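Dear colleague,

Please find below the structure that I am handing over to you.

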Amino acid sequence: MISEKMTKALNVQLNKEFYSAYLYLGMSTWCADVGYNGSANWFMAQYEEERSHAIKVYNYMLDQGSKIELLTIEQPEIAYDSLLQCFEESLTHEQMMTHSFNELCDQAIKEKDHASYGFFQWFVQEQIEEEASVGEIIAKLKLVGDGNGIFMIDNQLADRKLEDTTGV
Ligand code: FEO
């Protein structure tokens, strides 16, 4: 059994995960539109990953018998100036998600809610990987600048396959 306050926070987090999925679907759409097909694949895998994050939160709430609310999902941005900007926005978003999980952990500690604290730890670790992988792509894009190297990076991103690590 978790508190009402924690239930509310989990519903907000559930919505943020669905928004993340939607945001990455928008990025995938933009990439496909302008011809960065490898990046479109990468963001589509990211979309699937975020959906599984949402369902992980959803299942936890079900297990805890908490009231699930499916809040409105905000419309995401779907236009970008460059591939670099697209990935930079992705990093900014992931940093916000990391902050969000840190706040959830703080709340769990405050409430002595050990179950939720333990649950959030999976996401805390996941966020480290998410920020690192996007950061790596940004660094490469900055290295190649506006040259043809962008297409080499885009080709590499075509190799990403969805790995479901959530266990949902
Ligand atoms: Fe589910 Fe990328 O945060």
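**Findings**

His99 counts as partly exposed because its relative accessibility is 47%; the term covers values between buried, under 20% relative accessible area, and exposed, over 50% (1.4 Å probe, protein chains only). This residue is placed in helix H3, where helices (H or I, at least four residues) and strands (E, at least two) are DSSP runs numbered from the N terminus. Between the C-alpha atoms of His99 and Asn155, which are 56 residues apart along the chain, the separation is 32 Å.

Two notes on the basis of these values are in order. The model is predicted, and local features therefore need pLDDT of at least 70, side-chain atom pairs count only at pLDDT 80 or more, and totals for chains, interfaces and linings use all residues. Residues are numbered from 1 along each chain as its sequence is written, and side-chain values use heavy atoms, with hydrogens and water left out.

Helix H4 runs over residues 114-144, which is 31 residues, and spans 46 Å from its first C-alpha to its last, close to the 45 Å expected at 1.5 Å a residue. The expected span is 1.5 Å times one less than the number of residues in the helix.

Among the buried residues of H4 are Phe119, Phe120, Phe123, Glu126, Glu130 and Val134. The cover over the buried residues of H4 includes helix H1 (4-34), helix H2 (37-63), helix H3 (83-110) and helix H5 (149-157).

Trp122 is also found in H4, but it counts as partly exposed, with a relative accessible area of 24%. Leaving aside neighbours within four places in sequence, Trp122 is in contact (heavy atoms within 4.5 Å) with His53, Lys56, Thr165 and Thr166. The C-alpha atoms of Trp122 and Tyr80 are separated by 31 Å, and these residues are 42 apart along the chain.

**The nonpolar cores**

In soluble globular proteins, nonpolar side chains tend to be buried together. A nonpolar core is here a set of buried Ala, Val, Leu, Ile, Met, Phe, Trp, Tyr and Cys residues joined through side-chain atoms within 4.5 Å. The largest one has 24 residues, of which Cys31, Phe43, Leu83 and Phe87 touch the most other members. Two or more residues of this core come from each of H1, H2, H3, H4 and H5, and the largest share, seven residues, comes from H1.

With neighbours within four places in sequence left aside, Cys31 is in contact with Tyr36, Ser39, Ala40, Phe43, Leu83 and Cys86. A second, separate core of 16 residues includes Ala9, Phe101, Cys105 and Phe120.

**Further residues**

Ser90 lies in helix H3 and counts as buried, because its relative accessibility is 0%. Not counting residues up to four places away in sequence, Ser90 touches Tyr24, Met27, Phe43 and Val134.

Tyr22 lies in helix H1 and counts as partly exposed at 40% relative accessibility. Its contacts, again not counting residues up to four places away in sequence, are with Ile73, Glu74 and Pro76. Tyr22 and Glu94 are 72 residues apart in sequence and 14 Å apart in space, C-alpha to C-alpha.

Most residues other than glycine have a negative phi. Lys112, although not a glycine, has a positive phi of about 55°. It is placed in the loop between H3 and H4 and counts as exposed, at 67% relative accessibility.

**The largest pocket**

The largest pocket has a volume of about 320 Å³. Of the 13 residues that line the largest pocket, Glu49, Glu126, Glu129, Ser133 and Arg160 are the closest to its centre. H2 and H4 are the elements that give two or more residues to the lining, and the largest share, five residues, comes from H4. 

A pocket is defined on a 1 Å grid over the protein atoms alone, as an open set of points where a 1.4 Å probe fits, with protein on both sides within 12 Å along at least five of seven lines; lining residues have an atom within 4 Å of a point. Grid points are joined across faces, edges and corners, and the volume is the space filled by probe spheres set on the points.

With kind regards
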